[in-house]
Amino acid sequence: MSNNNKYLKYALNAKGELVHIDSVPNGNDCGCVCPACKKPLQAKNNGTHRTHHFAHQPGVDCPTAYESSLHLLAKKKIQEAFYESQVINISFEYKSYCSMNDTCMYMKYGDCAEKTIKSFNLKDYYDKCEQEISYNNINRRSDLKFSSSTHPDKDPLYLEIYVTHASDATKLHSGNKIIEVKIENEEDIDEVIKNGFIESPKQDVFEEAEVPSLNISFYGFKNSDYNLIKHSSYICISRYILYSSGKFICKQEHCKCNELRKSRPDTLYEFCFHSNQAFELRDIAKWLGYKRFNIKNCQMCMYCVDSYNDTGKICRLYRQLNIPRTERPLNTSRAKTCTSFVLNQKEMNECLQKVDNKEIPPITELN
């Protein structure tokens, strides 16, 4: 049901105080005005078959009345709860990132961080709660401002409450500590008062929470550090393996970052591209291996071409050399002794030029 169709149960009396429908006389004698448009209301609270509520006078249309009353009610009830309670809980997600996070070259599947929930009692830091107080550094008013009378130099905490329209980015990212709460009904307000300000779920770190979280966001809080020395996360790489026979492979795989090492101790040479595009890097990898060890392979020969029926590589001189036209697996190591081998110099130069121009992902040699 939209806010426009919800019953208006709170209004402003002659003193500007927010009052409930059941605390005023029935009809036009209630002496109340709409929190939004400030026009007179009539109280409809003498029936037993209909929800008691305030109504505008005939002909008056005020679509934001419910939103305004709910907003005022939230400020009033949260402020009262702050002074009446010993504990106002705030909880938000905290990430401790790997100390190598900013210089790491790996293709990571997610954040390299340990996630925890930081929880505090608001009353341990603040003893004042005021409505409609200006921010310290921007020309805006806050719904509620929490501050400390005993430590006036302590940075205040601001609360922004909205029903349909969230705060603008200028306010939220002004550098102040801000908690923004979305409410849709009185029950949401009661939940905030009961459970405190619990940041809305971002990932599975909140799955064990004992209470559901409303739409609550935190801004300007210290919620991360880079103090995590040891952390292992899954990474994506393209591994190149060269054997002493001259055969090589280039494949895509993933592993834990602290487990990246040679696949086998007897391989001649291994390195990894920090990329998940193994096939695009295969030709570059083979020429890097050749440049280092000068071991011939059929796939480096200009007579090694694609089969016309797209079944793989074949040797154009297979009849002359008396070798199978196709074979599985392809014995590419015969290039070491082949008298007809001609290095594909053009392809090698083009691939190595990409290396010189740093057009490839970073490389790590594996020992």
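Guide: Two packed helices are described by the angle between their axes and the distance between the axes. In this predicted model, helices α1 and α3 are roughly parallel to each other, because an angle under 35 degrees counts as roughly parallel. Their packing angle is about 20 degrees, and the axes lie 10 Å apart. Helix α1 covers residues 65-84 and helix α3 covers residues 186-195.

Visitor: What is the handedness of the crossing where α1 passes α3?

Guide: The crossing of α1 and α3 is right-handed.

Visitor: Which residues of α1 and α3 meet?

Guide: From α1 come Leu70, Leu73, Ala74, Lys77, Ile78 and Ala81. On the α3 side they meet Glu186, Ile189, Asp190, Val192 and Ile193. Sorted by class, this contact between α1 and α3 holds eight nonpolar residues, three charged ones and no polar ones.

Visitor: Now the cysteines. How many disulfides does the count give?

Guide: A disulfide needs two cysteine sulfur atoms within 2.5 Å, and by this rule the count is zero. Take Cys301: its nearest cysteine sulfur belongs to Cys315, 6.4 Å away, and Cys301 is in no disulfide.

Visitor: Is Cys301 buried or exposed?

Guide: Cys301 has 10% relative accessibility, so it counts as buried; the cut-off for buried is under 20%.

Visitor: And what about Cys338?

Guide: Cys338 is in no disulfide either; the nearest cysteine sulfur is that of Cys315, at 6.5 Å.

Note on methods. Residues are numbered from 1 along each chain as its sequence is written. This is a predicted model: local features need pLDDT of at least 70, side-chain atom pairs count only at pLDDT 80 or more; totals for chains, interfaces and linings use all residues. Side-chain values use heavy atoms; hydrogens and water are left out. Axes are lines fitted to C-alpha atoms, for helices over the stretch in contact, and angles run from 0 to 180 degrees between N-to-C directions. Helices (H or I, at least four residues) and strands (E, at least two) are DSSP runs, numbered from the N terminus. Angles under 35 degrees count as roughly parallel, over 145 as roughly antiparallel, 65 to 115 as roughly perpendicular and the rest as oblique. A crossing is left-handed if the near helix is turned anticlockwise from the far one by less than a right angle, and right-handed if clockwise. Contact means heavy atoms within 4.5 Å. Ala, Val, Leu, Ile, Met, Phe, Trp, Tyr, Cys and Pro count as nonpolar, Asp, Glu, Lys and Arg as charged, and the others, Gly among them, as polar. Buried means under 20% relative accessible area, exposed over 50%, partly exposed in between (1.4 Å probe, protein chains only).
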